[in-house]
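Try each task yourself before you read the solution.

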Amino acid sequence: MRRAALDAAAAGLSGLLVTPGPDMAWLCGYRPTAITERLTLLVLAQDCDPRLLVPALERPDAAAAPGAGAVRMSQWRDGQDPYAAAAGLLRPDGRYGVADATWALHLLGLQEALPLTTYRALSVVLPMLRAVKDAHEVERLAAAGAAADAAYRDILGVRFAGRREADVAADLARLLLEHGHSQVDFTVVGSGPNGANPHHEASDRVIEPGDMVVLDFGGLKDGYGSDTTRSVHVGEPSAEERTVHDIVRVAQEAAVRAVRPGVPCQEIDRVARAVIEEAGYGEYFIHRTGHGIGVTTHEPPYVVEGETQPLVPGMCFSVEPGIYLPGRFGVRIEDIVTCTRDGVRRLNGTPHEMAVVE
(Lines give C-alpha, C1' and ligand atoms only; values in the text may rest on other atoms or scores of the structure.)
Protein backbone atom coordinates (compact mmCIF):
# COMPACT_ATOMS: atom_id res chain seq x y z
CA MET A 1 0.00 0.00 0.00
CA ARG A 2 2.89 2.36 0.76
CA ARG A 3 4.49 1.71 -2.61
CA ALA A 4 1.18 2.22 -4.41
CA ALA A 5 0.68 5.57 -2.67
CA LEU A 6 4.19 6.67 -3.66
CA ASP A 7 3.63 5.57 -7.25
CA ALA A 8 0.37 7.53 -7.33
CA ALA A 9 2.09 10.70 -6.10
CA ALA A 10 4.84 10.26 -8.69
CA ALA A 11 2.13 10.05 -11.36
CA GLY A 12 0.66 13.38 -10.23
CA LEU A 13 -2.30 11.87 -8.38
CA SER A 14 -3.71 12.87 -5.00
CA GLY A 15 -4.17 9.18 -4.26
CA LEU A 16 -5.80 5.91 -5.22
CA LEU A 17 -9.39 4.79 -4.64
CA VAL A 18 -9.87 1.04 -4.57
CA THR A 19 -13.15 -0.87 -4.27
CA PRO A 20 -13.50 -4.66 -3.83
CA GLY A 21 -11.81 -6.65 -6.54
CA PRO A 22 -8.33 -7.83 -7.46
CA ASP A 23 -6.61 -4.56 -6.55
CA MET A 24 -8.08 -4.50 -3.05
CA ALA A 25 -7.20 -8.15 -2.51
CA TRP A 26 -3.63 -7.50 -3.65
CA LEU A 27 -3.18 -4.34 -1.61
CA CYS A 28 -4.67 -5.26 1.76
CA GLY A 29 -5.90 -8.83 1.46
CA TYR A 30 -9.57 -7.96 1.92
CA ARG A 31 -11.95 -10.03 -0.19
CA PRO A 32 -15.58 -9.37 0.76
CA THR A 33 -17.67 -12.53 0.60
CA ALA A 34 -20.14 -10.66 -1.60
CA ILE A 35 -19.69 -7.49 -3.63
CA THR A 36 -22.91 -5.50 -3.31
CA GLU A 37 -24.20 -1.98 -3.82
CA ARG A 38 -22.85 -0.99 -0.39
CA LEU A 39 -19.71 1.12 -0.75
CA THR A 40 -16.40 -0.29 0.47
CA LEU A 41 -13.45 2.00 -0.31
CA LEU A 42 -9.72 1.81 0.31
CA VAL A 43 -8.05 5.25 0.10
CA LEU A 44 -4.29 5.44 -0.39
CA ALA A 45 -2.38 8.73 -0.35
CA GLN A 46 1.25 9.63 0.23
CA ASP A 47 0.54 12.06 3.07
CA CYS A 48 -1.57 9.81 5.33
CA ASP A 49 -2.06 6.24 6.49
CA PRO A 50 -4.18 3.90 4.37
CA ARG A 51 -7.87 4.26 5.18
CA LEU A 52 -10.62 1.72 4.63
CA LEU A 53 -14.30 2.72 4.68
CA VAL A 54 -16.68 -0.22 5.10
CA PRO A 55 -20.37 -0.82 5.74
CA ALA A 56 -20.88 -1.30 9.48
CA LEU A 57 -22.34 -4.79 9.05
CA GLU A 58 -19.22 -5.91 7.15
CA ARG A 59 -16.65 -4.42 9.54
CA PRO A 60 -15.92 -7.71 11.36
CA ASP A 61 -14.97 -9.39 8.08
CA ALA A 62 -12.81 -6.42 7.04
CA ALA A 63 -11.08 -6.43 10.43
CA ALA A 64 -10.07 -10.07 9.83
CA ALA A 65 -8.30 -9.28 6.53
CA PRO A 66 -4.51 -9.83 6.47
CA GLY A 67 -3.79 -6.12 5.98
CA ALA A 68 -6.37 -4.78 8.43
CA GLY A 69 -3.75 -3.85 11.00
CA ALA A 70 -2.12 -1.48 8.54
CA VAL A 71 -5.25 0.58 7.76
CA ARG A 72 -7.35 3.12 9.66
CA MET A 73 -10.87 1.71 9.42
CA SER A 74 -14.10 3.69 9.53
CA GLN A 75 -17.67 2.70 8.82
CA TRP A 76 -21.03 3.92 7.61
CA ARG A 77 -24.45 2.53 8.50
CA ASP A 78 -27.49 1.76 6.37
CA GLY A 79 -29.53 4.94 6.09
CA GLN A 80 -26.43 7.16 6.01
CA ASP A 81 -24.90 8.60 2.84
CA PRO A 82 -21.79 6.52 2.10
CA TYR A 83 -20.45 9.08 -0.35
CA ALA A 84 -20.60 11.83 2.25
CA ALA A 85 -18.59 9.52 4.51
CA ALA A 86 -16.10 8.91 1.71
CA ALA A 87 -15.86 12.63 0.94
CA GLY A 88 -14.39 13.22 4.37
CA LEU A 89 -11.42 11.02 3.41
CA LEU A 90 -10.65 12.82 0.13
CA ARG A 91 -9.39 16.18 -1.04
CA PRO A 92 -12.32 18.20 -2.44
CA ASP A 93 -10.32 19.06 -5.57
CA GLY A 94 -8.23 15.88 -5.73
CA ARG A 95 -7.16 13.94 -8.77
CA TYR A 96 -7.52 10.22 -8.09
CA GLY A 97 -6.69 6.96 -9.75
CA VAL A 98 -9.67 4.61 -9.52
CA ALA A 99 -9.52 0.82 -9.60
CA ASP A 100 -10.92 -0.59 -12.83
CA ALA A 101 -13.37 -2.79 -10.87
CA THR A 102 -15.13 0.26 -9.38
CA TRP A 103 -18.84 0.29 -10.12
CA ALA A 104 -20.14 3.30 -12.06
CA LEU A 105 -22.70 3.70 -9.24
CA HIS A 106 -19.91 4.46 -6.78
CA LEU A 107 -17.87 6.69 -9.05
CA LEU A 108 -20.93 8.77 -9.91
CA GLY A 109 -21.76 9.01 -6.21
CA LEU A 110 -18.27 10.32 -5.42
CA GLN A 111 -18.46 12.82 -8.28
CA GLU A 112 -21.76 14.14 -6.97
CA ALA A 113 -20.41 14.47 -3.42
CA LEU A 114 -17.16 16.11 -4.59
CA PRO A 115 -17.84 17.79 -7.95
CA LEU A 116 -14.33 19.29 -8.22
CA THR A 117 -12.57 15.92 -8.02
CA THR A 118 -11.33 14.17 -11.18
CA TYR A 119 -10.68 10.50 -11.78
CA ARG A 120 -8.52 8.33 -14.02
CA ALA A 121 -8.64 4.58 -14.51
CA LEU A 122 -5.88 2.86 -12.56
CA SER A 123 -4.93 0.72 -15.54
CA VAL A 124 -4.30 3.93 -17.53
CA VAL A 125 -2.33 5.97 -14.99
CA LEU A 126 -0.47 3.11 -13.25
CA PRO A 127 -0.67 0.17 -15.67
CA MET A 128 2.38 -1.56 -14.15
CA LEU A 129 1.27 -1.28 -10.50
CA ARG A 130 0.85 -5.04 -10.05
CA ALA A 131 3.09 -6.10 -12.94
CA VAL A 132 6.37 -6.58 -11.04
CA LYS A 133 6.02 -9.44 -8.57
CA ASP A 134 8.14 -9.94 -5.47
CA ALA A 135 9.77 -13.31 -4.72
CA HIS A 136 6.79 -14.45 -2.64
CA GLU A 137 4.37 -13.73 -5.46
CA VAL A 138 6.55 -15.51 -8.02
CA GLU A 139 6.59 -18.63 -5.85
CA ARG A 140 2.81 -18.54 -5.53
CA LEU A 141 2.54 -18.32 -9.31
CA ALA A 142 5.01 -21.18 -9.61
CA ALA A 143 2.89 -23.30 -7.25
CA ALA A 144 -0.24 -22.52 -9.27
CA GLY A 145 1.62 -23.45 -12.45
CA ALA A 146 2.79 -26.73 -10.95
CA ALA A 147 -0.78 -27.57 -9.96
CA ALA A 148 -2.01 -26.85 -13.51
CA ASP A 149 0.81 -29.03 -14.85
CA ALA A 150 -0.35 -31.87 -12.60
CA ALA A 151 -3.89 -31.48 -13.95
CA TYR A 152 -2.55 -31.68 -17.51
CA ARG A 153 -0.58 -34.84 -16.79
CA ASP A 154 -3.71 -36.42 -15.34
CA ILE A 155 -5.97 -35.39 -18.23
CA LEU A 156 -3.71 -37.26 -20.65
CA GLY A 157 -4.97 -40.47 -19.06
CA VAL A 158 -8.62 -39.61 -19.69
CA ARG A 159 -10.47 -40.88 -22.75
CA PHE A 160 -11.18 -38.17 -25.33
CA ALA A 161 -12.72 -39.97 -28.33
CA GLY A 162 -16.47 -40.37 -28.13
CA ARG A 163 -16.90 -37.84 -25.33
CA ARG A 164 -18.12 -34.24 -25.51
CA GLU A 165 -15.75 -31.31 -25.18
CA ALA A 166 -17.82 -30.28 -22.16
CA ASP A 167 -17.09 -33.63 -20.49
CA VAL A 168 -13.33 -33.18 -20.87
CA ALA A 169 -13.65 -29.58 -19.65
CA ALA A 170 -15.44 -30.84 -16.53
CA ASP A 171 -12.59 -33.30 -15.98
CA LEU A 172 -10.08 -30.46 -16.24
CA ALA A 173 -12.02 -28.32 -13.77
CA ARG A 174 -12.21 -31.21 -11.31
CA LEU A 175 -8.48 -31.89 -11.64
CA LEU A 176 -7.56 -28.26 -11.05
CA LEU A 177 -9.57 -28.30 -7.83
CA GLU A 178 -8.07 -31.65 -6.79
CA HIS A 179 -4.59 -30.18 -7.25
CA GLY A 180 -5.26 -27.24 -4.97
CA HIS A 181 -7.01 -24.56 -6.98
CA SER A 182 -9.75 -22.69 -5.14
CA GLN A 183 -11.22 -21.25 -8.33
CA VAL A 184 -11.42 -22.43 -11.94
CA ASP A 185 -11.51 -19.50 -14.36
CA PHE A 186 -11.64 -21.28 -17.71
CA THR A 187 -11.36 -24.69 -19.36
CA VAL A 188 -11.01 -24.28 -23.12
CA VAL A 189 -11.44 -27.58 -24.96
CA GLY A 190 -11.43 -26.94 -28.71
CA SER A 191 -11.55 -30.10 -30.81
CA GLY A 192 -11.14 -30.33 -34.57
CA PRO A 193 -12.53 -27.19 -36.24
CA ASN A 194 -13.44 -25.69 -32.86
CA GLY A 195 -9.73 -25.46 -32.08
CA ALA A 196 -9.45 -22.74 -34.73
CA ASN A 197 -11.38 -20.45 -32.36
CA PRO A 198 -8.82 -19.39 -29.70
CA HIS A 199 -11.47 -18.80 -26.99
CA HIS A 200 -13.93 -21.52 -27.97
CA GLU A 201 -14.16 -22.91 -24.38
CA ALA A 202 -16.18 -26.14 -24.66
CA SER A 203 -19.34 -27.39 -26.35
CA ASP A 204 -21.44 -30.51 -26.87
CA ARG A 205 -19.37 -31.47 -29.89
CA VAL A 206 -18.26 -35.10 -29.62
CA ILE A 207 -14.50 -35.47 -29.95
CA GLU A 208 -13.55 -37.81 -32.78
CA PRO A 209 -10.48 -39.90 -33.63
CA GLY A 210 -8.20 -37.74 -35.77
CA ASP A 211 -9.05 -34.50 -33.93
CA MET A 212 -6.47 -32.01 -32.76
CA VAL A 213 -7.64 -30.73 -29.35
CA VAL A 214 -6.55 -27.41 -27.83
CA LEU A 215 -6.58 -27.50 -24.01
CA ASP A 216 -6.28 -24.09 -22.33
CA PHE A 217 -7.12 -23.96 -18.64
CA GLY A 218 -6.39 -22.16 -15.40
CA GLY A 219 -7.68 -20.47 -12.29
CA LEU A 220 -6.53 -19.32 -8.87
CA LYS A 221 -4.53 -21.20 -6.25
CA ASP A 222 -3.80 -19.41 -2.96
CA GLY A 223 -4.86 -16.16 -4.62
CA TYR A 224 -2.58 -16.38 -7.67
CA GLY A 225 -3.29 -17.51 -11.21
CA SER A 226 -2.44 -20.39 -13.48
CA ASP A 227 -2.84 -20.48 -17.25
CA THR A 228 -1.38 -23.09 -19.56
CA THR A 229 -2.16 -24.49 -23.00
CA ARG A 230 -1.20 -27.71 -24.73
CA SER A 231 -2.50 -29.14 -28.01
CA VAL A 232 -3.03 -32.90 -28.05
CA HIS A 233 -4.14 -35.29 -30.78
CA VAL A 234 -6.65 -38.13 -30.69
CA GLY A 235 -4.76 -40.93 -32.39
CA GLU A 236 -1.86 -40.40 -34.74
CA PRO A 237 -1.67 -36.93 -36.35
CA SER A 238 -1.20 -36.21 -40.04
CA ALA A 239 2.06 -34.88 -41.42
CA GLU A 240 0.51 -31.40 -41.75
CA GLU A 241 -0.70 -31.42 -38.17
CA ARG A 242 2.77 -32.37 -36.95
CA THR A 243 4.30 -29.61 -39.06
CA VAL A 244 1.96 -26.92 -37.74
CA HIS A 245 2.50 -28.07 -34.16
CA ASP A 246 6.28 -27.99 -34.64
CA ILE A 247 6.12 -24.44 -36.03
CA VAL A 248 4.20 -23.26 -32.97
CA ARG A 249 6.57 -25.12 -30.65
CA VAL A 250 9.63 -23.49 -32.24
CA ALA A 251 7.97 -20.05 -32.16
CA GLN A 252 7.14 -20.44 -28.48
CA GLU A 253 10.65 -21.59 -27.62
CA ALA A 254 12.23 -18.69 -29.54
CA ALA A 255 9.98 -16.16 -27.79
CA VAL A 256 10.78 -17.56 -24.34
CA ARG A 257 14.52 -17.45 -25.06
CA ALA A 258 14.17 -13.76 -25.99
CA VAL A 259 12.90 -12.83 -22.50
CA ARG A 260 15.42 -10.81 -20.47
CA PRO A 261 15.47 -7.47 -18.64
CA GLY A 262 15.26 -4.39 -20.81
CA VAL A 263 13.65 -6.09 -23.82
CA PRO A 264 10.43 -4.31 -24.87
CA CYS A 265 7.31 -6.45 -24.49
CA GLN A 266 6.56 -6.08 -28.18
CA GLU A 267 9.88 -7.70 -29.09
CA ILE A 268 8.74 -11.01 -27.59
CA ASP A 269 5.65 -10.84 -29.81
CA ARG A 270 7.80 -10.04 -32.83
CA VAL A 271 10.10 -13.00 -32.23
CA ALA A 272 7.22 -15.49 -32.04
CA ARG A 273 5.44 -13.93 -35.01
CA ALA A 274 8.57 -13.95 -37.18
CA VAL A 275 8.90 -17.73 -36.87
CA ILE A 276 5.28 -18.32 -37.83
CA GLU A 277 5.38 -15.79 -40.67
CA GLU A 278 8.56 -17.31 -42.09
CA ALA A 279 6.83 -20.70 -42.14
CA GLY A 280 3.97 -19.19 -44.17
CA TYR A 281 1.28 -19.16 -41.49
CA GLY A 282 1.48 -15.53 -40.36
CA GLU A 283 -2.14 -14.70 -41.25
CA TYR A 284 -3.30 -17.52 -38.98
CA PHE A 285 -1.62 -16.17 -35.83
CA ILE A 286 -4.50 -13.89 -34.86
CA HIS A 287 -3.84 -12.74 -31.28
CA ARG A 288 -1.12 -11.22 -29.12
CA THR A 289 1.66 -13.45 -27.84
CA GLY A 290 0.91 -13.02 -24.14
CA HIS A 291 -0.53 -11.28 -21.12
CA GLY A 292 0.50 -10.70 -17.54
CA ILE A 293 -0.75 -12.85 -14.71
CA GLY A 294 -0.95 -12.44 -10.95
CA VAL A 295 -4.01 -12.15 -8.71
CA THR A 296 -5.98 -12.22 -11.98
CA THR A 297 -5.29 -14.44 -14.97
CA HIS A 298 -5.15 -11.46 -17.37
CA GLU A 299 -3.37 -8.24 -16.39
CA PRO A 300 -0.44 -6.08 -17.56
CA PRO A 301 2.07 -6.38 -19.06
CA TYR A 302 0.70 -7.34 -22.48
CA VAL A 303 3.04 -8.98 -24.96
CA VAL A 304 1.80 -7.31 -28.10
CA GLU A 305 2.97 -5.04 -30.92
CA GLY A 306 2.98 -1.44 -29.71
CA GLU A 307 3.76 -2.24 -26.08
CA THR A 308 7.16 -0.63 -25.57
CA GLN A 309 7.32 -1.25 -21.80
CA PRO A 310 10.71 -2.89 -21.10
CA LEU A 311 10.69 -6.18 -19.25
CA VAL A 312 11.69 -5.91 -15.59
CA PRO A 313 12.76 -8.74 -13.27
CA GLY A 314 9.65 -10.01 -11.51
CA MET A 315 7.26 -9.49 -14.42
CA CYS A 316 5.24 -12.67 -14.98
CA PHE A 317 3.37 -13.31 -18.22
CA SER A 318 2.25 -15.91 -20.73
CA VAL A 319 4.02 -16.80 -23.97
CA GLU A 320 1.37 -18.45 -26.17
CA PRO A 321 1.71 -18.27 -29.96
CA GLY A 322 -0.79 -20.19 -32.03
CA ILE A 323 -1.89 -21.10 -35.54
CA TYR A 324 -5.61 -21.36 -36.33
CA LEU A 325 -6.79 -22.85 -39.62
CA PRO A 326 -10.52 -22.00 -40.01
CA GLY A 327 -12.80 -25.00 -40.31
CA ARG A 328 -9.93 -27.43 -39.71
CA PHE A 329 -7.91 -27.22 -36.48
CA GLY A 330 -5.82 -25.01 -34.25
CA VAL A 331 -2.60 -25.31 -32.25
CA ARG A 332 -1.45 -23.23 -29.28
CA ILE A 333 1.32 -23.80 -26.73
CA GLU A 334 1.44 -21.64 -23.60
CA ASP A 335 3.70 -21.32 -20.59
CA ILE A 336 3.78 -18.73 -17.84
CA VAL A 337 7.29 -17.28 -17.49
CA THR A 338 8.93 -14.73 -15.25
CA CYS A 339 11.67 -12.32 -16.24
CA THR A 340 14.70 -12.80 -13.98
CA ARG A 341 17.83 -10.71 -13.44
CA ASP A 342 19.73 -12.78 -16.00
CA GLY A 343 17.00 -14.09 -18.30
CA VAL A 344 13.86 -16.12 -17.86
CA ARG A 345 12.29 -18.83 -15.72
CA ARG A 346 9.41 -21.01 -16.89
CA LEU A 347 6.64 -21.57 -14.37
CA ASN A 348 5.18 -24.47 -16.38
CA GLY A 349 7.15 -27.63 -16.99
CA THR A 350 5.08 -30.12 -19.00
CA PRO A 351 6.48 -31.30 -22.35
CA HIS A 352 5.82 -29.23 -25.46
CA GLU A 353 5.78 -32.23 -27.80
CA MET A 354 2.36 -33.19 -29.11
CA ALA A 355 0.77 -35.77 -26.82
CA VAL A 356 -1.30 -38.52 -28.45
CA VAL A 357 -4.45 -39.41 -26.50
CA GLU A 358 -7.15 -42.01 -26.97
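**Exercise 1.** Find the distance of the polar contact that joins the side chains of His 291 and Asp 227, and then describe where His 291 sits.

*Solution.* Keep in mind that this is a predicted model.

Step 1: The side chains of His 291 and Asp 227 are joined by a polar contact of 3.0 Å.

Step 2: His 291 belongs to strand β11, which covers residues 290-292.

Step 3: Is His 291 buried or exposed? Residues under 20% relative accessible area count as buried. His 291 has a value of 2%, so it is buried.

Step 4: List some neighbours. Leaving out residues up to four places away in sequence, His 291 touches several residues, including His 298, Tyr 302, Phe 317 and Glu 334.

**Exercise 2.** Work out which side of helix α5 is buried and what covers it.

*Solution.* Step 1: Helix α5 spans residues 104-113, and its buried residues are His 106, Gly 109 and Leu 110.

Step 1: Why do these residues lie on the same side of α5? They cover an arc of only 100 degrees around the axis, which puts them on the same side of the helix.

Step 2: Turn to the face pointing away from the buried side of α5.

Step 3: Find the cover. Among the elements over the buried residues of α5 are β1 (15-18), α4 (82-87) and β6 (118-121).

**Exercise 3.** Trace the order of the strands in the six-stranded open sheet.

*Solution.* Step 1: The six strands run in the order β4-β3-β2-β1-β5-β6, with mixed pairing.

Step 1: Which strands stand at the edges? They are β4 (72-76) and β6; each has a single partner strand, so one side of each is left without a neighbour in the sheet.

Step 2: Zoom in on one pair. Strand β2 (residues 41-44) pairs with β1 in the antiparallel sense over three bridges. Here Leu 16 stands opposite Leu 44 in β2.

**Exercise 4.** Name the domains and say how many Å separate their centres.

*Solution.* Step 1: The protein is divided into domain 1 (1-125) and domain 2 (135-356).

Step 1: Taken over C-alpha atoms, the centres of domain 1 and domain 2 are separated by 35 Å.

Note on methods. Residues numbered from 1 in each chain as written. Predicted model: local features only at pLDDT ≥ 70, side-chain atom pairs only at ≥ 80, totals over all residues. Heavy atoms only, no water. Buried < 20%, exposed > 50% of the residue type's maximum accessible area, 1.4 Å probe, protein only. Helix = DSSP H or I, 4+ residues; strand = E, 2+ residues; numbered from the N terminus. Arc of directions from axis to C-beta. Contact = heavy atoms within 4.5 Å. Domains from an automatic or database assignment. Polar contact = N/O pair within 3.5 Å; in protein donor to acceptor, adjacent residues only side chain to side chain. Pairing = 2+ DSSP bridges.
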